[in-house]
Amino acid sequence: MASAQGSAVAGFRARGAELAPAGAVAVFLVGGAIFLLVGCLQSTTFARLTVEGLASGAVFSSLALALVLVYRASHIVNFAQGELAMLTTYVAYQLIQWGLSYWEAFFATLAIAFVLGTVLQVALIRPVLHRSVIATVIVTVGLFILIDGVVNWIWGGDFKFMPSPFGTASFDVGGVVIPHLYVGMVAVVLACVALVWALFRFTKLGLGMRAAALRPAAAALVGVRVDRMLAVGWGLAAVLGAVAGLMAEPSQLFLSPTLMQSILVYAFAAAVLGGLESPAGAVVGGLTIGVSLSLVVGYVPAISSELQLPFAFAVLLIVLLIKPSGLFGRREVRRV
Amino acid sequence: MRHLPALASLLVVAGVLVALPFILSDYHVSLVAQVGIFFIAVLGLNILTGYTGQISIGHGAFMAIGGYTTAVLSRDHHTNLVVTMLVAFAICFVVGLIVGLPALRLSGVYLALVTFALAVSIPQIPLQYSTFLGGSGGVQTSKTVSNLWIYAAAWTASAILFVLAWLILRGRTGRAFRAVRDSEIAAVASGVELPVYKTLAFGISAAYAGVAGSLFVLATNGFAQPSEFDVFLSLELLIGAAIAGLGSLWGILVGAAFVGLLPQVSSSVPVIGVEHGRDVVFGAAVVLVMLLLPDGFAGLLARLRALRNA
C-alpha cells in the first residue's frame with residue numbers, strides 16, 4: 001500500500017516536472033531562442049538557414065512525436081515508423097494519380113494510416129509485446145524491411161513526383177525569401193500536433209489513452225480497454241508519421257523509398273533530446289535538431305552535408321550520456 | 001559422454017564443409033562461403049544479444065570497419081590478407097569496447113537507438129573522407145582472391161571463432177554474460193562487474209563482425225564500398241540472430257544460411273520478382289519467426305528434442 005501511494009506521489013511530481021522544465025533547461029531554451037532572434041536580425045543568411053531548419057525540424061518533430069506516442073504507450077521504439085510514413089506517402093501519391101486533389105488525398109491518407117497503424121499493432125505487435133523489448137524491436141525491424149520491399153515491389157525504386165501543396169511562390173520578409181512551402185510545412189505540422197494534444201487533453205478517449213499508458217493495471221481496473229487504447233495509439237502515431245512523410249516529400253522534391261530513412265534518425269535524435277516520454281519534448285527536440293543541423297552545415301566548414309547523419313548520431317549519444325532523460329523527460333526510477 | 005551428441009554434430013558439419021568444394025560448382029562454393037561469412041557475424045551477435053541480452057542494430061557498422069581495414073591495408077601496404085583480418089579483429093574489438101561504453105548506461109530501446117544511428121552514420125564517413133576512404137567508389141584491395149580461397153578462409157575462421165566462443169561462454173565469463181542478461185541487478189549483487197562484462201561482450205561481438213566484414217569485402221572482388229554496408233546489412237544480421245535463436249550451432253547455421261542465401265534464392269521467386277523479393281521475404285520471414293518461433297530455430301530444436309524424449 002505504502003509503495004502504491006509513493007508511486008502515485010512520484011507520478012504527480014513527474015507530471016509537474018514535465019509541465020515546467022527545470023531551470024537549466026528553461027535557460028537553454030530561452031537562450032537558444034534569443035540567439036536565433038538576434039542572429040536573424042543580424043544576417044539574412046542566418047535567417048534563411050534558420051527558416052529552412054525550422055521547416056525540416058517540423059518534419060522531424062512530427063515523426064518524433066509519433067515515436068513518443070508509441071513509446072509512452074508500450075515502452076518500445078517502432079523502428080518501422082519512418083518506413084510506415086514512407087508507405088503512406090506512396091498511398092497519397094497513388095490517390096493523386098487516381099485523380100484526387102492534393103488535399104483530398106492528404107486527408108484520405110491520414111485515415112488509411114490510422115487503420116494501418118491500428119491493424120499492425122493488433123496483428124503483429126500485440127502478440128510479442130509481453131515477451132521482451134528485444135523481441136518487439138526485432139518485429140519492428142522486420143516490418144522495416146518488409147515495408148521497404150513491398151513499396152519497391154508495388155511502385156518501383158525510381159523517383160516519383162507529387163504536385164506541390166503550397167505552390168512555388170514565396171514571401172519576402174525584410175530581404176529574407178521564405179517559400180510558402182516552409183510556412184505551410186510548419187503550419188500543418190503544428191496544427192496536427194495541436195489536434196493530437198487536444199485529443200489527449202479534452203476527450204474521454206484521450207483520457208483513457210493517458211491512463212492506459214501511465215498505469216495500465218489501474219486503468220484496466222476502472223474499465224479502460226487498455227489493449228484497444230494501445231492500438232489506437234499506434235494508429236495516431238501512424239497518422240503523425242503520414243503527416244511527416246507528406247510534408248517531407250515536397251521539401252525533398254521527389255518521392256523515393258529512402259524518403260524517411262535519414263529523417264528517422266533525426267527523429268530519434270529529436271525524441272531522445274526531448275525525452276522519449278515527452279510529447280512537448282519531441283516537438284522542441286525536432287525543431288532544435290532541424291535548426292542546429294541547418295546552421296551547423298551552413299556555417300561550420302568541417303561539417304558538410306555528408307556528416308549530417310553522424311552529427312545526429314553524436315547528438316543522440318551525447319544526450320544519452322549526459323542527460324538520458326532528455327530536456328523534458330522525467331528520470332526513470334527502477335525498483336528491484 | 002555428455003558432450004557426445006554435440007561433438008558428433010560438430011564433426012558432421014565439419015565433414016560436410018570439407019567435402020562441399022569437391023562437389024559443388026564454383027558459383028555454389030561462393031554461396032556457401034557467403035554463409036560462412038554470415039555465420040561469423042551472427043555468431044558474434046549471438047554472444048552479445050543472445051547471451052548478454054544487449055541488443056545491437058548496428059553490427060553492419062563493425063563489418064564496415066573490418067572491411068575497410070582490410071581494403072585500406074591491402075591497398076596502401078600490400079599487407080597479407082590473413083593479417084588484415086587479424087588487424088580487423090583487433091580494431092573492431094577496440095571500437096566495440098568504445099561503443100560498449102555508452103551501453104553501460106543504456107539498455108533496451110536506448111541501446112537499439114544508438115546502435116541503429118551508428119549503422120546509419122558509418123557509411124557516411126567514407127563519403128566525407130574520400131581521399132583516404134575512396135568516397136562512394138570505394139577502396140579496392142591490391143589483390144583479389146578466388147572463391148575457393150574465400151570459402152576456405154571463411155570456414156576456417158568460423159571454426160576458430162566458434163571454438164573461441166565456446167571457450168569464452170562455457171566458463172566464468174559466459175556465466176557472467178548470462179547473469180547480466182537475466183537480471184543486471186542480481187548479477188551485480190552476485191559480484192559480476194557490470195561495466196567489464198558489458199563492454200567485453202560488445203568488444204568480442206564487434207571483433208567477430210570485423211572479421212566477417214573483411215571476408216565480406218574480399219568476397220566482393222576486394223571492393224569496400226559504402227553502399228555494401230547500408231543499414232539493411234545491420235538489420236539482416238539481427239534477423240539472422242533472431243532466426244538462429246540461442247546457443248545452438250544448428251540454429252546459427254540456419255540463421256546464417258537464411259541471411260547468406262536468401263538474396264540469391266529469392267531472386268528466383270516467381271511473383272515477387274528479381275529485385276525486391278529479398279526484402280519482402282526477409283521481412284515477412286522475420287515477423288513470422290518472431291510470432292511463431294519465439295526462441296528461433298534453436299528453440300524449435302529444443303522443443304523437438306523434448307517431444308522425442310517425452
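**Close-ups of a predicted two-chain model**

**View 1. Asn221(B), an exposed loop residue with a positive phi.** Asn221(B) counts as exposed, having 10 C-beta neighbours inside 10 Å. The model shown here and in the other views is a predicted one. To find Asn221(B), look in the loop that runs between α11 (194-219) and β2 (223-224) of chain B. Its backbone is worth a look: phi of Asn221(B) is near 60°, a positive value in a residue that is not glycine.

**View 2. His78(B), in the loop between α3 and α4 of chain B.** Here the helices on either side of the loop are α3 (59-77) and α4 (81-103). His78(B) isn't a glycine, yet its phi is positive, at about 50°. Is His78(B) buried or exposed? With 11 other C-beta atoms within 10 Å, His78(B) is exposed, since the cut-off for that label is 12 or fewer.

**View 3. The hairpin of β1(A) and β2(A).** Strand β1 (residues 170-173) and strand β2 (residues 176-179), both of chain A, pair up in the antiparallel sense, with four bridges between them. Follow the pairing from Ser170(A), whose bridge partner in β2(A) is Pro179(A). Val173(A), for its part, is bridged to Val176(A) in β2(A). What sits between the strands of this hairpin? There are two residues there, and in this hairpin Gly174(A) takes a positive phi near 55°. As for the side chains, in a regular strand they alternate between the two faces of the sheet.

**View 4. Helices α8 and α11 of chain B, side by side.** The axes of α8 (residues 147-170) and α11(B) come within 11 Å, crossing at roughly 175°. α8(B) and α11(B) are therefore roughly antiparallel to each other, because angles over 145 degrees get that label. On the α8(B) side, the contact is made by Ile150(B), Ala153(B), Ala154(B), Ala157(B), Leu161(B) and Ile168(B). Facing them from α11(B) are Ile204(B), Tyr208(B), Val211(B), Leu215(B), Leu218(B) and Ala219(B). How do the residues of this contact divide by class? The tally for α8(B) with α11(B) is 12 nonpolar, no polar and no charged.

**View 5. Helices α13 and α14 of chain B, crossing at an angle.** A pair of packed helices is described by the angle between their axes and the distance between the axes. Helix α13 (residues 249-266) of chain B and α14(B) have axes that come within 8 Å and cross at roughly 135°. That angle makes α13(B) oblique to α14(B). The crossing of these helices, α13(B) and α14(B), is right-handed. From α13(B), Leu262(B), Pro263(B) and Ser266(B) meet Gly277(B), Arg278(B), Val281(B) and Phe282(B) of α14(B). Sorted by class, this contact of α13(B) with α14(B) has four nonpolar, two polar and one charged residues.

**View 6. Ile252(B), a buried residue in α13 of chain B.** Staying on helix α13 of chain B, we come to Ile252(B). Ile252(B) counts as buried because 30 C-beta neighbours lie inside 10 Å, and the label needs 20 or more. Which residues does Ile252(B) touch, leaving aside its neighbours within four places in sequence? Its contacts are Phe39(B), Val42(B), Leu43(B), Asn46(B) and Ala244(B). Ala241(B) is 11 residues away from Ile252(B) along the chain, and their C-alpha atoms are separated by 7.1 Å.

**View 7. Ile112(A), in helix α5 of chain A.** This helix covers residues 102-129. Ile112(A) is partly exposed, with 18 other C-beta atoms within 10 Å. Setting aside neighbours within four places in sequence, Ile112(A) is in contact with Thr88(A) and Val91(A). The C-alpha atoms of Ile112(A) and Ala238(A) are 9.2 Å apart, with 126 residues along the chain between these two positions.

**View 8. Where chain B touches chain A.** The contact takes 42 residues from chain A and 42 residues from chain B. On the chain B side, α5 (109-121), α6 (124-128), α12 (231-244) and α14 (277-292) each supply at least two residues. Which element gives the largest share of that side? That would be α5(B), with 10 residues. By class, the side of chain B that touches chain A has 31 nonpolar, eight polar and three charged residues.

Key: Residues numbered from 1 in each chain as written. Chains lettered and ligands numbered in written order. Predicted model: local features only at pLDDT ≥ 70, side-chain atom pairs only at ≥ 80, totals over all residues. Contact = placed C-beta atoms within 7 Å. Nonpolar A, V, L, I, M, F, W, Y, C, P; charged D, E, K, R; others polar. Pairing = 2+ DSSP bridges. Axes fitted to C-alpha atoms, helices over the stretch in contact; angles between N-to-C directions. Parallel < 35°, antiparallel > 145°, perpendicular 65-115°, else oblique. Left-handed = near helix turned anticlockwise from the far one by under 90°.
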